[in-house]
Amino acid sequence: MNDNENSLEVNSTAMPDADTFGRRNGALSLYGVSVEYSLHTLLWLLAEHPKRPSSRDLAEMQGVPAAMLAKIMPKLEKAGIVKSSDGITGGYALAKLPSQVTVLDVVDAVAGDRKLFDCKEVRRGCVLFGGSPPAWSISGVCRIHAVMIRAEKQMRAELARTTLADLAHGGRPPEFEALVADWFRNRGEARETARITAVKKGRRSPR
């Protein structure tokens, strides 16, 4: 779905953008803000909506960049996590039950199957090996790599255990949900009014 939002400009001399790595307090993170935006957006989609909210509506509700969210939503749709309808009155909805969508599903959808560690086989390069490392030094999986593999498996298992339903449990109070519904309803009505106005203008005879 396209909200006709401008794409983000990326400075080639800067650090990798948020889709690649996240930055918080100057530190790099494995999963960037695209994962954070995605999960929060999906939690907003758990609410009852009179009409499907657009990515622009969802971005405005959260105070996040609309252009960034417009790049994220198609990735979630491609992964079968959300579904969309086109047009000025179109928008997004969950494609599955909240209990069927894991945090790992979302992470893999927007960040790819990113590895925790990229082993460069440094153990082969000792100067004393003279370019021919002995068998004892390279047999089996590198012990450092093995630790990282175990850590990654545990991390992914934890992400796979947690669903959107789990994240939503004990969250926003009912009275706030009513305010959310009203806000999205007003946004939907505004889009519908804009659509009707555009149609009427299109039917007018040129002067």
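User: Is Cys 142 buried or exposed, and what is its relative accessible area?

Analyst: The model is a predicted one, in which local features need pLDDT of at least 70 and side-chain atom pairs count only at pLDDT 80 or more, while totals for chains, interfaces and linings use all residues. Residues are numbered from 1 along each chain as its sequence is written, and side-chain values use heavy atoms, with hydrogens and water left out. Buried means under 20% relative accessible area, exposed over 50%, and partly exposed in between (1.4 Å probe, protein chains only). Cys 142 is therefore buried, with a relative accessible area of 12%.

User: Which side chain of opposite charge is nearest to the buried Glu 152?

Analyst: Glu 152 is found in helix H6, residues 143-161; helices (H or I, at least four residues) and strands (E, at least two) are DSSP runs, numbered from the N terminus. A salt bridge is a side-chain nitrogen of Lys or Arg within 4 Å of a carboxyl oxygen of Asp or Glu; Lys and Arg count as positive and Asp and Glu as negative, whereas His and the chain ends are not counted. Glu 152 has no salt bridge, and the nearest side chain of opposite charge, at 4.2 Å, is that of Lys 115.

User: Which residues does Glu 152 contact, leaving aside its neighbours within four places in sequence?

Analyst: Contact means heavy atoms within 4.5 Å. With those neighbours left aside, Glu 152 is in contact with Arg 114, Lys 115 and Leu 116.

User: How many residues apart in helix H8 are Asp 182 and Arg 185?

Analyst: Side chains of opposite charge can pair when their charged atoms come close. Asp 182 and Arg 185 meet in a salt bridge at 2.7 Å, N to O. Asp 182 counts as partly exposed at 38% relative accessibility, and Arg 185 likewise at 33%. Their separation is about one helical turn, because in helix H8 they are apart by 3 residues.

User: What is the distance between the closest N and O atoms of Arg 124 and Glu 121?

Analyst: Arg 124 is partly exposed at 42% relative accessibility, and Glu 121 is partly exposed at 26%. The two residues form a salt bridge, and their closest N and O atoms are apart by 3.5 Å.

User: How far apart in space are Gly 188 and Pro 53, C-alpha to C-alpha?

Analyst: Gly 188 is found in helix H8, residues 174-203, and counts as buried at 7% relative accessibility. In sequence, Gly 188 and Pro 53 are 135 residues apart, yet in space their C-alpha to C-alpha distance is 7.0 Å.
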